[in-house]
Amino acid sequence: MKDLLRLKSSLTEEIETILNDQVRKEAHSSALYLAMASWCDRNGYDNSADYFYKQSDEERGHMLKIFKYILDLGGSSVSPSIPDVKFEFNSFREVFEEALEQEVIITQSINNIVDRCHKVKDYMTVEFMNWFLNEQKEEEYVARRALELFDVIGEEGTGRWEIDRHIPKITYDAK
């Protein structure tokens, strides 16, 4: 019966597996950003908390987009468990360092999926994943600009308050 079901799917078992792994990574990102929002909220960085709440929602949206794609092509999506989400950070800056690191990890993972899809000639999934590659340009840009505020403004005196005030103003213009 499994072979019959597999014939009805456009996805190879390998691509389905790496897409489900990406679902797990996007869910982990969503949970991590929620933890970052909580930390910022508890420490009085309200604008940054709002930024991370929004990021958490976006990552959940990405997870669901891949989850639905797998199902649309006749595959089996797996609802991920998210263990070991870091929820304590040593500093305001560390929160943003980890956010940028997380975005770079996600970009590398998506690049690996696209690379594997090219090798097995799964061009439909390549086209689907192109949306994520474009999204990662924005995600990395905003995370990098946020982290740069720490060097430009500095953290002394009212610096962290000023950084928090500038976080919602960071935008990405793809032009």
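Predicted model: local features only at pLDDT ≥ 70, side-chain atom pairs only at ≥ 80, totals over all residues.
1. Two helices, α3 (46-72) and α5 (123-153), each contribute at least two residues to the lining of the largest pocket, and α3 provides the largest share, 6 residues. Sorted by class, the lining of this pocket consists of 5 nonpolar, 3 polar and 5 charged residues.

2. The structure contains 15 salt bridges, one of which pairs Asp 21 with Arg 24, where the closest N and O atoms are 2.8 Å apart. Both Asp 21 and Arg 24 belong to helix α2 (residues 13-42), in which a spacing of 3 residues places them about one turn of the helix apart. Asp 21 counts as partly exposed because its relative accessibility is 29%, and Arg 24 is likewise partly exposed, at 37%.

3. Lys 68 and Asp 72 form a salt bridge whose closest N and O atoms are 2.8 Å apart; these two residues of helix α3 are 4 residues apart, so about one helical turn separates Lys 68 from Asp 72. With a relative accessible area of 48%, Lys 68 is partly exposed, whereas Asp 72, at 53%, is exposed.

4. A further salt bridge joins the side chains of Lys 86 and Glu 94, at 2.7 Å from N to O. Lys 86 is partly exposed, with a relative accessible area of 32%, while Glu 94 is buried, with 12%. Elsewhere, salt bridges with shared partners link Asp 21, Arg 24 and Lys 25 into one network.

Note on methods
Residues numbered from 1 in each chain as written. Heavy atoms only, no water. Nonpolar A, V, L, I, M, F, W, Y, C, P; charged D, E, K, R; others polar. Salt bridge = Lys/Arg side-chain N within 4 Å of Asp/Glu carboxyl O. Buried < 20%, exposed > 50% of the residue type's maximum accessible area, 1.4 Å probe, protein only.
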